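This report goes through a structural model, beginning with a single residue and ending with the contact between the chains. The sequence and the structure are shown next.

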2 protein chains.
Amino acid sequence: MSTTDASLGGAGSMSPFTYATRTQLLRPSIVREILKATESADVISFAGGLPAPELFPAAHIAALCHQILAEDPAGALQYGTTEGHRPLRQAVCDRISASTGLPCDACQVLITTGSQQALDLVARVLLDPGDTVLVEEPSYLGALQAFAASGANIVAVPGDERGMSPESLRRAIAEAAARPKLLYLLPTFHNPTGVTLDAGRRRELAEVAQAAGVPVLEDDPYGPLRYAGIPLPAVVSHVRSSAWIYLGTCSKVLSPGLRVGWLVTPEPELMKRLVAIKQAVDLHTASLNQRVVARFLQDAPAFEAHLQLLAGVYRARRDTMAAAIREHFPSDCAFTVPDGGLFLWVRLPHRFDVDRLFHLALERRVAFVPGSAFGQSARTRQGIRLNFSNADPGRIAGGIRRLGELLCECDGHGVRARPCGR
Amino acid sequence: MSTTDASLGGAGSMSPFTYATRTQLLRPSIVREILKATESADVISFAGGLPAPELFPAAHIAALCHQILAEDPAGALQYGTTEGHRPLRQAVCDRISASTGLPCDACQVLITTGSQQALDLVARVLLDPGDTVLVEEPSYLGALQAFAASGANIVAVPGDERGMSPESLRRAIAEAAARPKLLYLLPTFHNPTGVTLDAGRRRELAEVAQAAGVPVLEDDPYGPLRYAGIPLPAVVSHVRSSAWIYLGTCSKVLSPGLRVGWLVTPEPELMKRLVAIKQAVDLHTASLNQRVVARFLQDAPAFEAHLQLLAGVYRARRDTMAAAIREHFPSDCAFTVPDGGLFLWVRLPHRFDVDRLFHLALERRVAFVPGSAFGQSARTRQGIRLNFSNADPGRIAGGIRRLGELLCECDGHGVRARPCGR
C-alpha cells in the first residue's frame with residue numbers, strides 16, 4: 001500500500017535535516033500526481049474525484065458569507081472551540097439521524113478540516129506502528145495514506161462484486177497476529193469501485209467485527225448523492241456497542257474547498273482524545289466555513305433541492321458514460337452502473353496491461369486512474385476508475401470513445417497481451 | 001511539559017477502543033481549559049490570546065468573499081493543490097522579504113491550516129519519539145503540544161529577561177544525549193513573556209545552532225504587531241545553511257477563524273516531505289480562505305493601514321494595562337512593557353503562590369494564565385500572562401485593579417507565603 005519512494009530522498013540526500021522514520025513510508029498520492037499530469041485543458045480527465053464546479057452554489061455561499069459576517073463577525077472570524085460550532089454539530093446530527101438511522105447527539109460530533117482530517121485524527125489516536133487495520137480491496141487512497149502515516153499494518157480483505165465478504169473478514173481477523181485495531185469501510189458508492197454494500201452484508205460485516213471486538217470506521221462521503229435505489233442503514237447502525245466511528249463531509253454535496261467534514265462516535269473517551277489531538281493539529285476548523293455549512297444544512301428544503309439538482313446532473317452523466325462504455329469498449333469489459341457517488345469502475349480482461357494503457361491513453365489526451373493506485377491484487381490491477389461528475393456529457397462521450405478506440409486497437413496489435421506489451 | 005492525564009483514561013477505562021501509546025501523553029491545553037472556565041460574560045479575562053474582534057475587517061472580508069466567489073467560483077470552492085494557492089504563496093513571500101530580510105521564493109512557501117498545523121507537520125516530519133527539541137523556557141504551549149504529540153523529548157533552555165541565552169543553548173546542545181533535532185524559537189513579542197530577542201542574541205543563537213548542526217524553527221505570529229522600536233532581521237536570516245523553517249499566520253493581523261498560516265523553508269527535500277504529510281492530514285487548506293488572505297495581503301496600502309489601526313488600539317491597551325499594574329500591583333512585581341504582540345508578563349515575588357492566586361482571582365471574576373502552564377522552572381511558575389488585546393481600556397483598568405487588590409490582600413494575610421498558602 002505504501003512504499004519507500006526514492007524521490008523522497010534516502011541515505012544519499014544532502015538535506016541538513018534528519019527526518020522522522022515514518023515519513024519515509026509516505027509518498028505523494030498517485031492520484032494527485034496523475035491529476036497534475038492531466039491539468040492541461042486538452043486532456044479529457046476522468047481521473048479526479050472532483051465535483052462539478054458549475055454546480056457549486058457560489059451565489060448562495062456568497063450570500064451566506066455576507067449574512068454571517070454581518071450578523072456575527074466576531075464568531076465567524078475569531079478562534080472557536082476545537083469540537084466545532086455547536087449549531088453545525090446539531091445540524092450534522094439532525095441530517096445523520098434522518099438519513100442513516102443512526103441515533104446521534106451533537107456532543108458526539110467533532111467537526112474536522114475535511115473528512116481527510118478525521119481519518120488522520122482517528123489513525124493518530126488509535127494506531128501504534130505495526131497495528132493492523134483491515135480495509136477493503138481496493139480501498140480509498142486517502143485513508144490508506146492516513147493509516148500509513150501512523151505506521152499501521154494495512155491488511156486488504158478480499159471481496160467480490162458485492163464488496164467485502166463477511167467470510168473473508170472473519171478469516172482476516174482470525175489470521176491477524178493480534179486483534180485488528182480498526183475495520184475501515186466505505187460501504188456506500190465506494191471509491192473506487194462504486195459498489196454499495198447491500199443490507200445483508202452491512203449487518204453481517206458489523207456482526208463479524210463486533211463479535212471479534214474490532215471497532216468499525218465507516219466513511220460516507222457520497223451517501224447523499226443517490227441516483228437509484230433506496231437509502232440503506234449505516235453499517236455502524238448494526239454495531240450494538242459504542243465501538244464505531246462514522247465520517248461525513250460537505251465536500252461532495254456543497255464544496256470541497258471549504259474543508260468541512262465531521263466525525264461521529266458515541267464513545268466519550270475516544271471523543272476526548274480526538275479533541276485533544278485536533279487541538280495540537282490545527283486548533284479548530286475554520287469558523288466562517290463551519291457557519292456557512294451549518295446554515296446550508298439547516299435550510300433542509302434548500303439542501304434537498306440542491307441534492308436533487310446534483311443527482312439529476314450526475315445521474316445523466318453516469319448514464320452517458322455507461323452508454324458510451326457499452327458502445328465503445330470491448331464486450332468482455334465488466335462494469336457495474338453505481339447507484340450513486342462519483343465513480344464508475346471498469347474491470348478489463350487480463351490481456352490488457354492497465355498501467356501501460358494509462359500512459360497510452362494520456363498520449364491520446366484522455367485520463368483515468370489505474371487500479372494499481374488502489375490495491376495490488378490481480379483483480380484490482382485490472383480495474384480503471386472513471387469519474388463521471390466532472391465533465392459534461394459531450395466530453396464524457398468523446399473521452400470514452402477515445403478510450404474505447406484505444407482498447408480495440410490494443411486488441412488488434414501492440415500492447416494487447418502482457419508478454420508482447422512489455 | 002506533558003504528563004499522563006488521568007482524565008484521559010488509563011488501564012481501568014471501559015472504552016471499547018484500544019488507544020495508541022502516544023495519545024496518552026497528550027492533555028488538552030491548559031489555556032483552552034482556562035478559556036472555557038472564563039467564558040461567562042462577567043469574568044474579565046486576560047487569559048486568552050485572542051485578537052480584538054471589533055477590529056476584524058468583517059465588511060472587507062465579506063466584500064472579498066463576494067468578489068472572489070463571483071470571479072472564480074470554481075477556484076474558491078473546488079479542491080486545490082496541497083502546497084497552497086499560488087498567489088497567496090507569492091504574497092506571503094513578498095511580505096516576508098519586505099519585513100524580515102529573508103530572501104524567499106513562492107515555491108518555498110507551504111500554506112497551512114493555521115500555524116498550529118505548521119508546528120504539527122514539522123513535528124511529524126522531523127521528530128521520532130525520544131528525539132530532543134530545544135525550546136525557550138517558558139515556551140508557547142501549542143508548540144509544546146505539537147512536539148509532545150510526536151513523542152519528542154522537550155528540553156527547556158533557560159534564559160533571562162532578554163530571552164534565551166546563547167551560553168545556555170551551547171550548554172544544552174553539549175549536554176544532549178544526541179544532536180537535537182530542532183531549536184524552536186519565538187523571538188519577537190514572545191508568547192507568554194512578550195520579550196523580543198535583540199539583534200545580537202538573534203545572531204549568536206543562530207550561530208550556535210548552526211555550528212552544532214541544529215535546525216532552527218522560528219515562529220513569528222506577532223511580528224507585524226509592533227508598537228515601538230524598529231523591526232529586526234529574522235533569527236533564521238543569520239542561518240547560512242538551508243537548515244531553517246519560518247512560520248507566519250494571518251491569525252493575529254487579520255482573523256484567526258480563517259485558519260490560514262504558512263511555513264517557509266529553503267530546503268526542497270523538507271518541503272517535499274511536508275507536502276506529502278499535509279496531503280494525508282487535510283489535503284489542503286480551505287480554498288476560499290486562502291484567496292481572501294491573498295487579496296488582503298496583495299493590497300499592501302490597505303494591509304498597512306489595517307496594521308496601523310491594530311497597532312494604535314493595541315498600543316493604547318498595552319499602555320493602559322502597564323499603567324494599571326504600576327498603580328495597583330505591589331511594587332516588587334517585575335514586568336516589561338513589550339514592544340508589540342498581545343501579552344504582558346508579570347513576575348510575582350516568591351511569596352505568592354501563583355496557581356492558587358489564579359483560583360482566587362477567578363472567584364473575583366478576573367482571569368489570567370499562570371506561569372505553570374508554560375514551563376516548570378521556579379522562575380516561570382512565578383509569572384502570570386496577561387493578554388491586553390481582547391478587552392477595552394475600561395475593562396483592562398478594572399480587571400487589573402481587582403487583581404492588584406487581591407495581591408495586596410494576599411500580602412496582608414491568606415495565601416501570601418507558600419507555607420501558609422497550602
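## An exposed proline

B:P231 counts as exposed because its relative accessibility is 56%, which is over the 50% that the term requires. The model is a predicted one. In chain B, the residue B:P231 sits in the loop that runs between strand 8 (216–219) and strand 9 (244–249).

Once the neighbours within four places in sequence are set aside, B:P231 is in contact with B:S99 and B:R226. B:H284 is 53 residues from B:P231 along the chain, and the C-alpha atoms of the two are separated by 32 Å.

## Backbone exceptions

Most peptide bonds are trans, and most residues other than glycine have a negative phi. The cases below depart from one or the other of these patterns.

Between B:E137 and B:P138 the peptide bond is cis, with omega at about 0°. B:P138 belongs to the loop between strand 3 (132–136) and helix 6 (141–149) of chain B. Another cis peptide bond joins B:N191 and B:P192, where omega is about 15°. The loop that holds B:P192 lies between strand 7 (182–185) and helix 8 (199–212) of chain B.

The loop between strand 7 and helix 8 of chain B also contains B:F189. B:F189 is not a glycine, yet its phi is positive, near 55°. This residue counts as buried because its relative accessibility is 1%, against a limit of under 20%. In chain A, the non-glycine residue A:L283 has a positive phi of about 65°. A:L283 is placed in the loop between helix 9 and helix 10 of chain A. With a relative accessibility of 11%, A:L283 also counts as buried.

## Relation of the two chains

## The interface

The size of an interface is often given as the accessible area lost when the parts come together. Here chain A and chain B bury about 7300 Å² between them, and 58% of that area is on carbon and sulfur atoms.

There are two salt bridges between chain A and chain B. One of the salt bridges links B:R124 with A:D120, and its closest N and O atoms are 2.9 Å apart. Polar contacts between the chains amount to 29 residue pairs, with both residues at pLDDT 80 or more.

Methods:
Residues numbered from 1 in each chain as written. Chains lettered and ligands numbered in written order. Predicted model: local features only at pLDDT ≥ 70, side-chain atom pairs only at ≥ 80, totals over all residues. Heavy atoms only, no water. Buried area = accessible area lost by both parts, 1.4 Å probe. Salt bridge = Lys/Arg side-chain N within 4 Å of Asp/Glu carboxyl O. Polar contact = N/O pair within 3.5 Å; in protein donor to acceptor, adjacent residues only side chain to side chain. Helix = DSSP H or I, 4+ residues; strand = E, 2+ residues; numbered from the N terminus. Buried < 20%, exposed > 50% of the residue type's maximum accessible area, 1.4 Å probe, protein only. Contact = heavy atoms within 4.5 Å.
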